[in-house]
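I open this notebook to keep track of what I look up in the structure, one topic at a time.

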Amino acid sequence: MYDLHAGYGRKRAVLRGLGGAIAEGHIYGLLGANGSGKTTLMKTWAGALYPVSGRVDVFGSIPADRKAEFLASTVYMPDEMSFPPLAVAAFERIYGRFRPHFSHEEFNGYLHALDFSFGVRLDRLSTGNRKKFFIAFALACNPALLLMDEPTNGLDIESKKAFRRILASFDTTGRVVVVSTHQVADLNNLLSAVVVLREGRMVLNATFDAIADKLAFGGASESDALYADGLKSISVNSDGEYTDVDVESLYHAIHESERVRAFIAENFSGNSSENNSVKIAEDCAGKEGVC
Amino acid sequence: MLRSIIYLAACHWREHWLREVLCLLAVAAVTALLYAGNLSASGSVSAAFVARQLGNIRYSIVLWWIAVTAAYTLLTAFHGYGDTRRCYATLLLPACSEAKYAWEWLRTMVIFPLAALALIWGVDAVTVRYMAHARPILADVLGDAFSLWDALTATGEPLNYIPYNIYLAVWFNSAAMLVRSGLRPAVAVVTAVAALAVALTFPWSTERTALYPFVWVEMERGYAVTWSMPVSWCSRMAGYAISYVWYAALPVAAYVLSYLKFKEREI
């Protein structure tokens, strides 16, 4: 992305000057408060929404062009879904053939793993079963870019567990999976990178390796902590020891602490700003992934 | 592209086959009612009157076919293309925009109108056969009546040599495609009204002064009696040619605009 502005009409800009690249081979968590622009960003990447200004490049394609090849390699899973009055097999037969890498075996495997209720017409499914169905379909399409908007909303505890298991086993080589969620705990130990949006701007865009390189996540409050909420703390990783990234704490820290935001702005080059978006656009030229 | 169109057709048929069948049955039913309602009172009048009446009904039925085609396009074109909740929106289906637009055009301007026309034809044939069977005296004159085909392919000023009913069907289809392509509701309503106004203000006439865009034609009893050019440097033939280009350009422009609007449609 380079200086991306997007929204719903020129007067309702939601994303303001986003820049940066996300790298293939990762499962990204797309985090942000309501109205921060998560869905807008996903729609822009999916080609559903045109940027007001700026540029988006996904695996060498401009999403807004909606070329068949690009659409075939991208799946966008919306938060709310309605289905046509079709049986599972009919939907698979009709829509699966648009997808060059669709796998019938994987689709059935995912449905069984998610404990999907077969035998009910798709338009009569419950919210949770709709989610399960489309999660299975989306993964079975084997897209290069998979965008999932609140996939765990409506799933019961067992299904969330199954979803985590399935996504963890999904081969991300040469692919990017982006999962937008408010329920960070649902995706613990699953994400390998994170993008945090705040009021239409990208506050953080980094892999967990990069985060663990700069930040240390502790259990108790430390005197030199950048952020502490009484139970957990985040401090500068000065001794070079790696700790597991606590996404939930990091998210809260970013939203609550000006000090954390300032530290991130200074130390993570993948974030948006007037200056580094140019640099990042140059960096991502010629690279595969979402720029 | 052809393969994409076939896939889109399969999607559409599996999802909407019941609606399509009901629409076509409704067309056939209304057509049958139009015949029944207008011919029921003609039992005691002359065969020539019945033939003339049948001709008038057929003309009305062709207008009904145009109205149905336009309404069908207005209600169904690009339906669900911009709905993200529809899993997933047709706009994001892996097929090129040209294929999606071509499929919508084929469906609304070719497949449905032809299917509706075939049913209308069938109802017409059954009606005529029934009438001839019930009143053998009509059998001779029914063949002389203004046929459905005549009503469909009738030509006249200003679109001389071009069937104006078919032209109207194309014009309304193009306008309805534009209305449904993703215009804002207010703009869409204005466009629909403007399309109707344009059709109504076309100088369709065999009895009054008719106007090509670039040639004035004075009509008298269905015949053009005088021609005059609004500009002296343009020959009459050139005026005709420009006029035909103008009339062709109207629906073509509407189609082009609707395609461009469809391409930039957002969800």
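Entry 1, a sheet in chain A. I began with A:A216 and looked for its bridge partner, which is A:S235 in strand 13 of chain A. I note here that the model is a predicted one. Strand 11 of chain A and strand 13 of chain A, the latter made of residues 233-236, pair in the antiparallel sense over four bridges.

I then turned to strand 12 of chain A, which two bridges join to strand 13 of chain A, also running antiparallel. One pair I could name here is A:A228 with A:S233, its bridge partner in strand 13 of chain A. The hairpin of strand 12 and strand 13 of chain A has four residues between the strands, and in it A:G230 takes a positive phi near 100°.

Put together, three strands of chain A form an open sheet in the order 11-13-12, with antiparallel pairing. Strand 11 (215-218) and strand 12 (227-228) of chain A each have a single partner strand and stand at the edges, so one side of each is left without a neighbour in the sheet.

Entry 2, a parallel pair in chain A. Is strand 6 of chain A parallel or antiparallel to strand 7 of chain A? The two run parallel, and four bridges join strand 6 to strand 7 (residues 145-149) of chain A. Within this pairing, A:Y76 stands opposite A:L147 of strand 7 of chain A. I also looked at the faces of strand 6 (residues 74-77) of chain A and found both covered, with A:T74 and A:Y76 buried on one side and A:V75 and A:M77 buried on the other. This goes with a general point, that in a regular strand the side chains alternate between the two faces of the sheet.

In helix 3 of chain A, residues 88-96, I found A:V88, A:F91, A:E92 and A:Y95 buried. Seen down the axis of helix 3 of chain A, these buried residues fall within an arc of 100°, so they line one face of the helix. What they pack against is helix 4 (104-113) of chain A.

Entry 4, two helices of chain B. The axes of helix 2 (residues 47-76) and helix 3 (residues 97-134) of chain B come within 10 Å and cross at roughly 145°. The contact involves, among others, B:W65 and B:Y72 of helix 2 of chain B and B:F112 and B:L117 of helix 3 of chain B. By class, I read nine nonpolar, four polar and two charged residues in this contact. The crossing of helix 2 of chain B past helix 3 of chain B is right-handed.

Where is B:A254 found? B:A254 lies in helix 8 (residues 236-263) of chain B, and B:A254 is buried because 24 other C-beta atoms lie within 10 Å. Leaving aside neighbours within four places in sequence, B:A254 is in contact with B:S174, B:A175 and B:L178. I also looked up B:M177, which is 77 residues from B:A254 along the chain, while their C-alpha atoms are separated by 7.9 Å.

Notes:
Residues numbered from 1 in each chain as written. Chains lettered and ligands numbered in written order. Predicted model: local features only at pLDDT ≥ 70, side-chain atom pairs only at ≥ 80, totals over all residues. Axes fitted to C-alpha atoms, helices over the stretch in contact; angles between N-to-C directions. Left-handed = near helix turned anticlockwise from the far one by under 90°. Contact = placed C-beta atoms within 7 Å. Nonpolar A, V, L, I, M, F, W, Y, C, P; charged D, E, K, R; others polar. Pairing = 2+ DSSP bridges. Buried ≥ 20, exposed ≤ 12 C-beta atoms within 10 Å, placed from the backbone. Arc of directions from axis to C-beta.
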